[in-house]
Amino acid sequence: MAVTKWDYMVITSSLDGFLQELERISRFDDRIRGIRQLLEDEAQRMDAEAQRLIDAANRATASTTSAEGCGPYFATRAAEAASTAAAQVTQAQDLRKEADKRRAESNEWEEQRLRVYVLRLVTAFEVYLRDFIIEKACSDDGLVLRFLDSRLGLSVGSPLDLGGPSEKAERLAACVDETLLMFSNPGQASTFYAQWFGEKKGFLSDKKEMLAPPLGTATEKKAAIADVRILFQLRHILVHKSGVPNAKYHSELTGEECRPRLHPMAFESPERARPPEGVLASPAIGPRNATKLEDLYESLMNLARHIDAAYYF
């Protein structure tokens, strides 16, 4: 396939920073997986040792049965063997309890891994959007003037003297930080923010004609945006509802936009989605990924790349 201007080139430093943060998130996730594997390996070792003790106890019990009625000496040896077998059974039971504890710890690590992954993904995307807007504004005086007009009601006929590049970036950053009140809900964010990311206009609008690979069609873009909506809904429940789904959560995830992007195993019933951890661990949509979490990661990365490319050309 011919290489085009869209092929994964990093145009803005904000996207470069975002992709680097995604790499850090993945490395951290690998470490958590490593801890889980250690716990699983230890549990398996304990189970194997417990089974060895049970087998030894069974053999000892069999030997005592065969020694019955063979005289006092054999009776004494049989009693000793029975005592040893009982001790081995107790030790095996203790080992299996410890193995169960290790697996419970592993499951707890997995739940925390999924939660941390979601929170870090969303935070990284929020930072990317903020830095993207600042970076674009710094290179477009007309954008600054439109912002001043729409946000502050100031009509200025010529570019402002905002100082050198570093001063300009600092001042714009302060304006952006004050203006971008709710990253996680672009449809309700400020006018300045919604110029690119509003649900009714800007990048997320279906009327936006410029489509860049890897979201090269309207269908692909719609799927990625649905995944991002799912991601932000999961994050909202984890942060604000202690991970306990509410009516809005079920309504959002079972709605016509998000449901096609979720595997049937992500739902407890047609009207109820599983808690965030269950959704994240459910199978992916399509053959490229294994879990829904991987789908969300890919869609977020592709959406950032698309935004980066679409607003450059």
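This is a predicted model: local features need pLDDT of at least 70, side-chain atom pairs count only at pLDDT 80 or more; totals for chains, interfaces and linings use all residues.
1. Overall make-up. The protein has nine helices and two strands. Read from the N terminus, its elements follow the order α-α-α-α-α-α-α-β-β-α-α. Of its 313 residues, 41% count as buried. Among contacts between residues at least 6 apart in sequence, 65% join residues at least 24 apart.

2. The largest nonpolar core. This core holds 43 residues. Those touching the most other members are Phe18, Leu22, Leu121, Phe125, Tyr128 and Leu234. At least two core residues come from each of α1 (13–66), α2 (72–138), α6 (218–240), α7 (247–253), α8 (276–281) and α9 (292–310). The largest share belongs to α2, which gives 11 residues. As background, nonpolar side chains in soluble globular proteins tend to be buried together.

3. Leu121 as an example. Leu121 is among the core residues that touch the most other members. With neighbours within four places in sequence set aside, Leu121 is in contact with Leu22, Ile25, Leu231, Tyr297 and Leu300. Another core lies apart from the largest one and has eight residues, including Ala50, Leu53, Ile54 and Ala99.

4. Salt bridges in general. The model contains 20 salt bridges. Side chains of opposite charge can pair when their charged atoms come close. Three of these pairs are taken up in the next points, among them Arg52 with Glu49.

5. Arg52 and Glu49. In this salt bridge the closest N and O atoms are 2.7 Å apart. The two residues are three apart in helix α1, so about one helical turn separates them. Are these side chains buried or exposed, or something in between? Arg52 has 45% relative accessibility and therefore counts as partly exposed. Glu49, with a relative accessible area of 25%, is also partly exposed.

6. Arg113 and Glu110. This pair forms a salt bridge with its closest N and O atoms 2.9 Å apart. Arg113 and Glu110 sit three residues apart in helix α2, so they are separated by about one helical turn. Both residues are buried. They also take part in a network of salt bridges that links Asp29, Arg33, Arg36, Glu110 and Arg113.

7. Arg272 and Glu268. Here the closest N and O atoms of the salt bridge are 3.5 Å apart. Arg272 is partly exposed, its relative accessible area being 42%. Glu268 counts as partly exposed too, at 44% relative accessibility.

8. The cavity. The structure holds one cavity of 30 Å³ or more. The space in the largest cavity is about 30 Å³. Which residues line the largest cavity? They are Ile25, Phe28, Asp29, Ile32, Arg113, Val116, Tyr117 and Arg120. The elements giving two or more residues to this lining are α1 and α2. By class, the lining has five nonpolar, no polar and three charged residues. Two of the lining residues, Asp29 and Arg113, belong to the salt-bridge network of point 6. Another lining residue, Ile25, is in contact with Leu121.

9. The second largest pocket. The volume of this pocket is about 330 Å³. Its lining has 17 residues, and Glu220, Arg261, Arg288, Glu298 and Asn302 lie nearest its centre. At least two lining residues come from each of α6 and α9. The lining comprises seven nonpolar, four polar and six charged residues.

10. Asp295. This residue is found in helix α9. With a relative accessible area of 3%, Asp295 falls under the 20% cut-off and so is buried. Which residues does Asp295 contact, leaving aside its neighbours within four places in sequence? The contacts are Asp227, Arg261, Ala284, Ile285 and Asn289. Of these contacts, Arg261 is also one of the residues nearest the centre of the second largest pocket.

Note on methods: Residues are numbered from 1 along each chain as its sequence is written. Side-chain values use heavy atoms; hydrogens and water are left out. A nonpolar core is a set of buried Ala, Val, Leu, Ile, Met, Phe, Trp, Tyr and Cys residues joined through side-chain atoms within 4.5 Å. Buried means under 20% relative accessible area, exposed over 50%, partly exposed in between (1.4 Å probe, protein chains only). Helices (H or I, at least four residues) and strands (E, at least two) are DSSP runs, numbered from the N terminus. Contact means heavy atoms within 4.5 Å. On a 1 Å grid over the protein atoms alone, a cavity is a set of points where a 1.4 Å probe fits but cannot get out, and a pocket is an open set with protein on both sides within 12 Å along at least five of seven lines; lining residues have an atom within 4 Å of a point. Grid points are joined across faces, edges and corners, and a volume is the space filled by probe spheres set on the points. Ala, Val, Leu, Ile, Met, Phe, Trp, Tyr, Cys and Pro count as nonpolar, Asp, Glu, Lys and Arg as charged, and the others, Gly among them, as polar. A salt bridge is a side-chain nitrogen of Lys or Arg within 4 Å of a carboxyl oxygen of Asp or Glu.
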